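Hi everyone, thanks for making time today. I'd like to walk you through a structure that may be new to you.

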Amino acid sequence: MHETTLINLYSDTVTKPTAQMRRAIAEAEVGDDMVGEDPTVNRLEAMVAELLGKEAAVFACSATQANQMAVRTHCLAGDELLSAAQSHVACSEAGGPAALSGVTTRAIPDCNGCLDVDVLEGQILPDDQHLCRTRLLVLENTTNAGGGRVYPLEQIQRVGRWGRENGLKVHLDGARLFNAVVASGHSAAEICQEVDTVTVCFSKGLGCPMGAALVGSKEAIAKARRARKLLGGALRQAGIVAAAAVHALEHHVARLAVDHENAGAFARAIVDIDGISVDPGEIETNIVFFGVDPALGTAKQLATRAYREGLKIGALRSQAIRICTHLDADLDDVLEAAKIIRRCVREGFAETVVSAAGPYESSAGTVDQNARA
Ligand SMILES: *Cc1c(COP(=O)(O)O)cnc(C)c1O
């Protein structure tokens, strides 16, 4: 269904490599990365470390893997990490901290996924045999469940500094760090100045088929390499995929501004639809959440109807939809998407039947998964 006409704003992970990226992949120089002999991986790791102002980087299969490598690098079993309630690390990585590292997660009240010192004060548990050891603070920039928000530079530096001054390690889940760079105009190094490790993802807005990196001190990254091996993420001729990431860092960063403009245009194009709630002024990057008045129906019903009309969107909460803009959707696509939503609302979707498995039908059956990516 919809193989050629579907407008897919479900996530920015849906992009396919461009012809130029495929050429970079085809022409990549490779070697055995497990022993440090893949020149393309080495080049990518050096590039990312330099961009973020850190000593070292290690390539990972996915941002989830990089985050879990960070948790394992900083924590021992029985430790706890602090993060925003809806953080990807705590909520969308299959229980990774607990399952892989024996680490518990504690939610801190956040504002659109961002944390600040006032809510963190008093949250570090005292040194007491009864208690977990509070060890790691995890920040997310941009925030995913928070709606693509960008930390103000002073805030992320203040929070990071607070964590480190109080004996915590600080990890930044920067799956969409480059969206924050482009939206704020601050360099990646400035944004990452007060944190110990950073995850960046290449398969989100940067448009790669796969890959991520964990960045930090030489010491942290050496430990993370061991964690990567344990998690099955140490690869051989990984230059094949690292080449895509090198290409993306060279050609796909500045263009993220277009995705941000398109997200704003989408929000402005649906703002006057009765029963749909969105504040275009709050859209900072490539993610738009909008509310669906229960009088119209549920988010899943709207997603189901929209899918039948050729638009795939994420029903992330019972009455909220998320869309992401990306390099495979242009301004015409997002304006067409807004029209489809307007039509669904006008024609009504309260009677739409959502199958038990969810809103999207595919050749593989009906699937509703991965909406959190
Ligand atoms: C998507 C995402 C990840 C994980 O990326 P995968 O490629 O799905 O492993 C981690 N953190 C945030 C904030 C994300 O949005």
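I'll begin with the ligand and its surroundings, then turn to the domains.

A quick note before that: this is a predicted model, where local features need pLDDT of at least 70, side-chain atom pairs count only at pLDDT 80 or more, and totals for chains, interfaces and linings use all residues. Residues are numbered from 1 along each chain as its sequence is written, and side-chain values use heavy atoms, with hydrogens and water left out.

So, what surrounds the ligand? There are 15 residues around it, and the closest are Thr 64, Asn 144, Asp 173, Arg 176 and Lys 204; a residue counts as near if one of its heavy atoms lies within 4 Å. By class, four of the shell residues are nonpolar, six polar and five charged, with Gly counted among the polar ones. Helix α3, residues 63-74, gives the largest share of this shell, three residues; helices here are DSSP runs (H or I) of at least four residues.

Now the polar contacts, meaning pairs of N or O atoms within 3.5 Å. The Thr 64 side chain has an N or O atom 2.7 Å from a ligand oxygen. For Arg 176, a polar side-chain atom is 2.8 Å from an oxygen of the ligand, and for Lys 204 the distance is 2.9 Å. The protein buries 91% of the 380 Å² that the ligand exposes when taken alone, by the Shrake-Rupley method with a 1.4 Å probe.

On to the domains: the assignment, automatic or from a database, gives domain 1 (19-251) and domain 2 (255-372). Their centres, taken over C-alpha atoms, are 28 Å apart.

Terms used: A polar contact is a pair of N or O atoms within 3.5 Å; within protein, one must be able to donate a hydrogen and the other to accept it, and residues adjacent in sequence count only if both atoms are side-chain atoms. Helices (H or I, at least four residues) and strands (E, at least two) are DSSP runs, numbered from the N terminus.
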